[in-house]
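Please look over the sequence and the fold below, keeping in mind that this is a predicted model.

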Amino acid sequence: LYDDFKKAFKNLYKLYLLPIYSAREENSFKLDIEKIAIDFGGSVLYDKERVKELIKKSEADCVLLMGAGELGNIKKYL
């Protein structure tokens, strides 16, 4: 779905990505979050507190969060 995500994200005002982690599978595609961020026109955030700061000071009409794992606990960062 790499190319599909790349197309979907191309018109975003800002795109921030968090590091990729494997649940049970191996990274068989050798995905690198830094390369993905460059390809998708975004930036990587390594600090979850930075996510909190960016959301709180955002003047965006919409903030979309997608992911798995700890994203379900995002309220603790807001």
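**Salt bridges, core and surface**

Glu53 and Arg50 are joined through their side chains in a salt bridge, with an N to O distance of 3.2 Å. The two residues are 3 apart in helix α3, which means that about one helical turn separates Glu53 from Arg50. Glu53 is partly exposed at 43% relative accessibility, and Arg50 is likewise partly exposed, with a relative accessible area of 32%.

Helix α3, spanning residues 48-57, also carries Glu49 and Lys52, which are 3 residues apart and so separated by about one helical turn. These two form a salt bridge in which the closest N and O atoms are 3.9 Å apart; since a salt bridge is counted here when the nitrogen is within 4 Å of the carboxyl oxygen, the pair of Glu49 and Lys52 meets the criterion at 3.9 Å. Glu49 is partly exposed at 39% relative accessibility, and Lys52 is partly exposed with a relative accessible area of 24%.

The structure holds 3 salt bridges, and one of them lies in helix α2, where Asp39 and Lys35 are 4 residues apart, about one turn of the helix. Their side chains meet at 2.5 Å, N to O, with Asp39 partly exposed at a relative accessible area of 24% and Lys35 partly exposed at 47%.

These helices belong to a protein with 3 helices and 2 strands, whose elements run α-β-α-β-α from the N terminus on. Buried residues make up 17% of the 78 residues, and among contacts between residues at least 6 apart in sequence, 52% join residues at least 24 apart.

In soluble globular proteins, nonpolar side chains tend to be buried together. In this model the largest nonpolar core consists of 8 residues, namely Phe9, Leu15, Leu17, Ile33, Ile36, Ala37, Phe40 and Val44, and its largest share, 4 residues, comes from helix α2, residues 33-40. Phe9, once its neighbours within four places in sequence are left aside, is in contact with Leu15 and Phe40. Phe9 and Phe40 also belong, with Tyr2 and Phe5, to one aromatic cluster.

Together with Leu1, Leu64 and Met66, Phe5 makes a nonpolar surface patch of about 480 Å². The accessible surface of the protein comes to about 6700 Å², of which 53% belongs to carbon and sulfur atoms.

Definitions and conventions. Residues are numbered from 1 along each chain as its sequence is written. This is a predicted model: local features need pLDDT of at least 70, side-chain atom pairs count only at pLDDT 80 or more; totals for chains, interfaces and linings use all residues. Side-chain values use heavy atoms; hydrogens and water are left out. Buried means under 20% relative accessible area, exposed over 50%, partly exposed in between (1.4 Å probe, protein chains only). Contact means heavy atoms within 4.5 Å. Accessible areas come from the Shrake-Rupley method with a 1.4 Å probe; for residues, only the protein chains shown count as cover. Patches are made of residues with over 30% relative accessible area and no salt bridge: like charges are joined within 9 Å, nonpolar side chains (Val, Leu, Ile, Met, Phe, Trp, Tyr) within 5 Å. A nonpolar core is a set of buried Ala, Val, Leu, Ile, Met, Phe, Trp, Tyr and Cys residues joined through side-chain atoms within 4.5 Å. Rings of Phe, Tyr and Trp (its six-membered ring) pair if their centres lie within 6.5 Å; planes under 30 degrees apart count as stacked, over 60 as edge-to-face and the rest as tilted.
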